[in-house]
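Here's a quick briefing for anyone meeting this structure for the first time. Have a look at the picture, then read on.

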Amino acid sequence: MSRRLWMLGAVLAALPVVTVTGCASAPPPPPPESRVGRPDRGAQLIAQYGCGSCHTIPGIDQAGGLVGPPLTRFGARSYIAGELPNNADNLQRWITDPQAVEPGTAMPKLGVSAIDAQDIAAYLYTLD
């Protein structure tokens with residue numbers, strides 16, 4: 001009986017350690033708002049490139065696509081495409097060449113220039 005109590009005590013003593021280490025894998029905080037780029041132009045570019053044919057994007061006319069994930073509250077998200085920390089550099093890289101970031105992704109390379117990606121990112125970061 002005392003061996004069982006000892007084992008129970010050892011298990012209970014380990015619980016706080018497991019809880020604390022589990023917190024260490026928390027996602028990074030959401031990104032700060034992009035300090036560069038023009039959100040107003042980004043909204044126009046999102047419509048021009050046809051992003052709404054695959055994504056639901058608040059504030060963009062006819063952007064109710066269901067192929068890709070909805071981009072609602074994008075500015076509050078921790079990750080891009082489920083694997084990149086959400087920051088302006090990563091988002092611009094993803095927008096300009098998603099296949100280079102995640103080969104085989106359903107998101108096509110649309111020929112978005114670096115300046116256009118900067119403005120699109122600026123708009124997406126307003127969605128929080």
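Is Ala81 buried, partly exposed or exposed? Ala81 is partly exposed, at a relative accessible area of 39%; the cut-offs are under 20% for buried, over 50% for exposed, and partly exposed in between, using a 1.4 Å probe and protein chains only. Keep in mind that this is a predicted model, in which local features need pLDDT of at least 70, side-chain atom pairs count only at pLDDT 80 or more, and totals for chains, interfaces and linings use all residues. Residues are numbered from 1 along each chain as its sequence is written, and side-chain values use heavy atoms, with hydrogens and water left out.

**Overall layout**

- The chain has 5 helices and 2 strands, where helices (H or I, at least four residues) and strands (E, at least two) are DSSP runs numbered from the N terminus.
- Follow the sequence along and you get the pattern α-α-β-β-α-α-α.
- Out of 128 residues in the chain, 31% count as buried.
- The chain's accessible surface is about 8,100 Å², and carbon and sulfur atoms account for 61% of that; such areas come from the Shrake-Rupley method with a 1.4 Å probe, and for residues only the protein chains shown count as cover.
- Take the chain's contacts (heavy atoms within 4.5 Å) between residues at least 6 apart in sequence: 50% of them join residues at least 24 apart.

- Mean pLDDT for the chain is 82, with 73% of residues reaching 70 or more; pLDDT is the predictor's confidence in each residue, on a scale from 0 to 100.
- Helix 1 (residues 2–23) has the lowest confidence in the chain, at a mean of 49, while helix 3 (residues 88–96) has the highest, at 96.
- Over residues 14–23, pLDDT stays under 50, and the model gives that stretch 0 contacts beyond four places in sequence.

**The core and helix 5**

- The largest nonpolar core has 23 residues, and the ones touching the most other members are Ile46, Ile57, Leu91, Ile95, Tyr123 and Leu124; a core here is a set of buried Ala, Val, Leu, Ile, Met, Phe, Trp, Tyr and Cys residues joined through side-chain atoms within 4.5 Å.
- Helix 2, helix 3 and helix 5 each put at least two residues into this core, and helix 5 gives the largest share, 5 residues.
- Helix 5 (residues 114–124) is mostly covered, with 8 of its 11 residues buried.
- Among those buried residues of helix 5 are Asp116, Asp119, Ile120 and Tyr123, and their cover includes helix 2 and helix 3.
- Leaving out residues up to four places away in sequence, Ile46 touches Cys51, Gly52, Ile57, Ile60, Ile120, Tyr123 and Leu124.
- Over in helix 3, Gln92 counts as buried at 17% relative accessibility. With residues up to four places away set aside, Gln92 touches Ala117, Gln118 and Ala121.

**Cysteines**

- How many disulfides are there? The count is 0, a disulfide being a pair of cysteine sulfur atoms within 2.5 Å.
- Cys51 is in no disulfide, and its nearest cysteine sulfur, that of Cys54, sits 8.5 Å away.
- Cys51 is buried, with a relative accessible area of 18%, whereas Cys54 is partly exposed at 28%.

**His55 and its neighbours**

- His55 is in the loop between helix 2 and strand 1, and at 13% relative accessibility it counts as buried.
- A polar atom of the His55 side chain lies 2.7 Å from the backbone oxygen of Pro69.
- Not counting residues up to four places away in sequence, His55 touches Ala63, Gly64, Gly65, Gly68, Pro69, Leu71 and Met107.

- Most residues other than glycine have a negative phi.
- Gln62 isn't a glycine, yet has a positive phi of about 55°.
- You'll find Gln62 in the loop between helix 2 (39–49) and strand 1 (79–80), and it is exposed, with a relative accessible area of 79%.
- Ala81, another residue other than glycine, has a positive phi near 55°, and its place is in the loop between strand 1 and strand 2 (84–85).

Note on methods. A polar contact is a pair of N or O atoms within 3.5 Å; within protein, one must be able to donate a hydrogen and the other to accept it, and residues adjacent in sequence count only if both atoms are side-chain atoms.
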